[in-house]
Amino acid sequence: MDTDVLVVGAGPTGMTLAGELLTAGASTVLVDRLPRRSDLSKAGGVQSRTLEAFDQRGLLEPLLATGDHPVSTGHFAGIPLPDQPGRHHLPWRSVPQVVIEELLERHLAARGVHIRRNHDLVGLTQDDAGVPDAGVTDAGVTANAVTDAGVTATFADGTTVRSRYLVAADGAHSTVRSLLRAAFPGEPGTLTIIAADVRLGGADPSASHTWTEDGHWAALFPLGTDPEGRPLRRLVLGGPGQSLPRETPVTEDDIRRGLRTVFGTQTHLLELRYARRITNASRQIERYRHGRVFLAGDAAHVHLPLGAQGMNTGIQDAFNLGWKLGAAVRGRAPAGLLDTYHAERHPAGAAVLRNVRAQSLLMDWAGTREPDVLAAREIFTDLARLPDVRRHLAGLMSGMATRYPMPGSELHPLVGLPAPDLDLGASGRVHELLRSGRGLLLDPAGTYAQAVVPWSDRVDRVGEAGLAGSDTGTGAEPMLIRPDGYVCWAGAGGARPEPALAHWFGDPR
């Protein structure tokens, strides 16, 4: 084997996954077909759950130190969602994708992983047609399975890389997905809008979304500053006459005309830095796993970039998959663990596609101004003023409400959700303790000190002494947290952690 895992595609999803694999102890090769990293902003926002995941790996502070990344108010279909109290303690940040990619590439290089560029994938084969290791069921990988079965990737220059597993993070037009001939059902693009990075002069519109009476609309979001410290904005334009073929270039005149149509002469273009046309295509791959090949990010799901969900969903795919592949290559994965990637992330991706379609309808993306659509939006806007509705929508958009189907989720409301970042006093915060990439058992009463011993090579424990001075409160209940930060067991009702330890972390020593 050349490596444990070959990751194809060095965008945010691929680089996040490579980092997770390193943390999990898996050797990794990361390739990309492009000769250099793109300098285009592309995605422009980081949601609460992604910020939490970065914090769990010690990347949040370095990310925020890269520049001025303002806190922004989220929205659903252009309806503002004010900051929510409680678990949303890391609010939405305006961080361009190019900044995240630069940070992740530096982080990987410091750990000895350098992207192999100019690697154009042309061929892909799996041993035994992708059948799992000898002695392993289709459900997953048993502990200590030893085999030479794997994946061979061939590139345009004739080189090959052989790996135990391969992950496709190569975007919406994924070569891996094409080579697998994997079904990618959904809806084709029927309309386009303009997305551009601009500097504006004149009056700065305060509203993030603005509509005209005849259906034209514009959305504006902060993108930090350029190297000279001048503010940049992401501008999105839609409505009647804006839908042109995707390959049609976007000109400065297009931007000026769109600004004038929506804002009049009070706002004008100073600089157009980048622009493209975006379609409303909505597709999701049927299976996230194909034998030894997994798909993540835009290779697995594409949709309108509404609410900063595309890049964030791909990064969450990577956090979910990385520790599981690491356990598999180290012979510690319990049966079925690798299949939980599809079981957990496919519904999460489908939920994003569903809310994006709903937002597109409520925003009147095409600018039809149909009375039925306007009536629905008016009623929905009224509903969004209710605190419970706002909390629900904020959780939906931020990823904080994503709840994975897990054993025990019917018994405890925390199981399947991201763990709260509790201050554990002398031991530090939960997110800090997860930086090892291991599981974490919080045991405030010291009840499970012996129970976790057979898994102590995979799971850390914080007991009553380490919780001194914490904000968990007297009698706080225990919980078991996976390496990706999700609660997989909580101790209410007298349940013990051993079944969950075996289910997620494999056989005891």
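## A hairpin and its enclosed strand

Strands S11 and S12 form a hairpin with five residues between them, and Gly229 in the turn has a positive phi of about 85°. Helices and strands here are DSSP runs numbered from the N terminus, a helix (H or I) having at least four residues and a strand (E) at least two. The model is a predicted one, in which local features need pLDDT of at least 70 and side-chain atom pairs count only at pLDDT 80 or more, while totals for chains, interfaces and linings use all residues. Residues are numbered from 1 along each chain as its sequence is written, and side-chain values use heavy atoms, with hydrogens and water left out.

Strand S11 (residues 217–225) pairs with S12 in the antiparallel sense over seven bridges, where two strands count as paired if DSSP finds at least two bridges between them. Within this pairing, Leu220 stands opposite Leu235 in S12. S12 also pairs with strand S9 (residues 192–202), again in the antiparallel sense, over five bridges, and there Asp197 has Arg234 of S12 as its bridge partner. Strand S12 (residues 231–238) is largely enclosed by the rest of the structure, because seven of its eight residues are buried; buried means under 20% relative accessible area, exposed means over 50%, and partly exposed lies in between, with a 1.4 Å probe and protein chains only.

## A sheet of three strands

An open sheet of three strands has the order S8-S14-S17, with antiparallel pairing. Its edge strands are S8 (186–187) and S17 (301–302), each of which pairs on one side only. S8 and strand S14 (residues 282–284) are joined in the antiparallel sense over two bridges, and Gly186 stands opposite Arg283 in S14.

## The covered helix H2

Helix H2 is mostly covered, since nine of its nine residues are buried; among them are Leu51, Ala53 and Phe54, together with the charged residues Arg49, Glu52 and Asp55. What covers these buried residues includes helix H1 (12–23), helix H4 (97–110) and helix H7 (310–329), where contact means heavy atoms within 4.5 Å. H2 is followed by Gly58, whose phi is positive, near 75°.

Because Glu52 and Arg49 are three residues apart in helix H2 (residues 48–56), they are separated by about one helical turn. An α-helix has 3.6 residues a turn, so residues three or four places apart point the same way.

The structure holds 34 salt bridges. In one of them, the side chains of Glu344 and Arg482 meet at 2.9 Å, N to O. Glu344 lies in helix H8 (residues 339–362) and Arg482 in the loop between strand S20 (479–481) and strand S21 (487–490), so the pair ties together parts that are 138 residues apart in sequence. Glu344 is buried, with a relative accessible area of 2%, and Arg482, at 0% relative accessibility, is buried as well.

Another salt bridge joins the side chains of Arg461 and Asp443 (3.0 Å, N to O). Since Arg461 lies in strand S19 (residues 459–462) and Asp443 in the loop between strand S18 (439–442) and S19, this pair ties together parts that are 18 residues apart in sequence. Arg461 is partly exposed at 31% relative accessibility, whereas Asp443 is buried at 1%. Salt bridges that share partners also join Asp55, Asp421, Arg429, Glu432 and Arg435 into one network.

## Arg162 and its surroundings

Arg162 is found in strand S7 (residues 160–168) and is partly exposed, with a relative accessible area of 22%. Not counting residues up to four places away in sequence, Arg162 touches several residues, including Met1, Asp2, Thr3 and Asp127. A polar contact of 2.4 Å joins the side chains of Arg162 and Asp127; such a contact is a pair of N or O atoms within 3.5 Å, and within protein one must be able to donate a hydrogen and the other to accept it, while residues adjacent in sequence count only if both atoms are side-chain atoms. The C-alpha atoms of Arg162 and Leu6, which are 156 residues apart along the chain, are separated by 7.9 Å.

Technical notes. A salt bridge is a side-chain nitrogen of Lys or Arg within 4 Å of a carboxyl oxygen of Asp or Glu.
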